[in-house]
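Here's a friendly walk through one protein model. Keep the structure open while you read.

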Amino acid sequence: MTSLPGAALLIAEMVALLLAVTFGVALLQRRLGDAAIRRWMGGPPRRAALKGIAVGFITPFCTYSAIPVLLGMRQAGVRPAGYAAFIFAAPVVDPVMIGVLAIIIGPTGAAVYVTTAFAAAFLLALIVDTVDIARHLKPVPALVGSPAPASSLARPGPSSPPASCSSPEEVPWSGWREESRAAWRRAVALLRSMAWLIAAGVGVGLAIGLLVPTDALAGIAGADNPLAVPAAAAAGIPLYFGTELFIPIGDALHAKGAGTGAIVALVIAGAGANIPEFALLTKIARGRVVAAFFAYVFAVAVVAGLLTDLIL
């Protein structure tokens, strides 16, 4: 489904995007300050969740490029409802993906997809805010603060403070040139700390995509298979595909007779819970949290697929 040159190009694009987003987040957070970000993203849990979904919608990042934004939100002290809604919505509630779905399966199917994904992000945010998820998260490198060597950011030790303990207000703004250099050093440090996870996760996900032909996926997701929706959701988890990879896959599956609900389930699972994402999330959250998140995304994918079939 994906050629080797295409896979190499995708990895290069992801690395470039991760660097660019991390650099931009670090620089913007230094300029604005944690207090402003907390104020913009704050409010009661429901309001914070809606703000997180909105940020995820207007910044249609894949999981890799959404991670720096998540780290920035944690460091700024944004309440869990805000960043939980964001990390679910960013890769799933992608306006380009929604448009492609509308073309492939029709506006009604795309509407069911959007409604279910929105409700799932909102519900997840409220759950996460209620259970005090912060105590189950790992310390992460700070994206802002006083300029420091990249080596000191790559591997935070046991004594490293949580990211939320560092505040841009503690260090005066040093001017765009110096701040840009510091932001770039932190972007490179974050990339280095996650490089092997990116390589391993994307490599496995794309390898499965290369080895599993579209015909096999179409057989699993066929309209005549009573278990097509959960099977498609399960098949989507090992895969990795962004919007540019989903377009040919989704179009081919639809042409080969795959069920509409199964395609919706495959998209949610593939975009919201995949092996590359699992690799990255283990860097910032405990194992049970990552497992619970994946189980939640799988359940949402199945429910969305069944609702799509029921409505259509």
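## Ground rules

This is a predicted model, so local features need pLDDT of at least 70 and side-chain atom pairs count only at pLDDT 80 or more, while totals for chains, interfaces and linings use all residues. Residues are numbered from 1 along each chain as its sequence is written, and side-chain values use heavy atoms, leaving out hydrogens and water.

## Rings that meet

Rings of Phe, Tyr and Trp (its six-membered ring) pair up if their centres lie within 6.5 Å; planes under 30 degrees apart are stacked, over 60 edge-to-face, and the rest tilted. That rule gives 4 aromatic pairs here. One of them is Phe23 with Trp184, edge-to-face at 6.3 Å centre to centre and 70° between the planes. This pair ties together distant parts of the chain: Phe23 sits in helix H1 (residues 4-32) and Trp184 in helix H9 (residues 176-211), 161 residues apart. Helices are DSSP runs (H or I, at least four residues), numbered from the N terminus.

Phe23 is partly exposed, at 25% relative accessible area, and so is Trp184, at 44%. Phe293 and Phe294 also pair edge-to-face, with centres 6.2 Å apart and planes at 65°, but both are buried. (Buried means under 20% relative accessible area, exposed over 50%, partly exposed in between, using a 1.4 Å probe and protein chains only.)

## Helix H7

Buried residues of H7 include Gly109, Tyr113 and Leu124. The helix's buried residues pack against H3, H5, H6, H13 and H15, where contact means heavy atoms within 4.5 Å. Just after H7, Asp132 takes a positive phi of about 60°.

Definitions and conventions: Helices (H or I, at least four residues) and strands (E, at least two) are DSSP runs, numbered from the N terminus.
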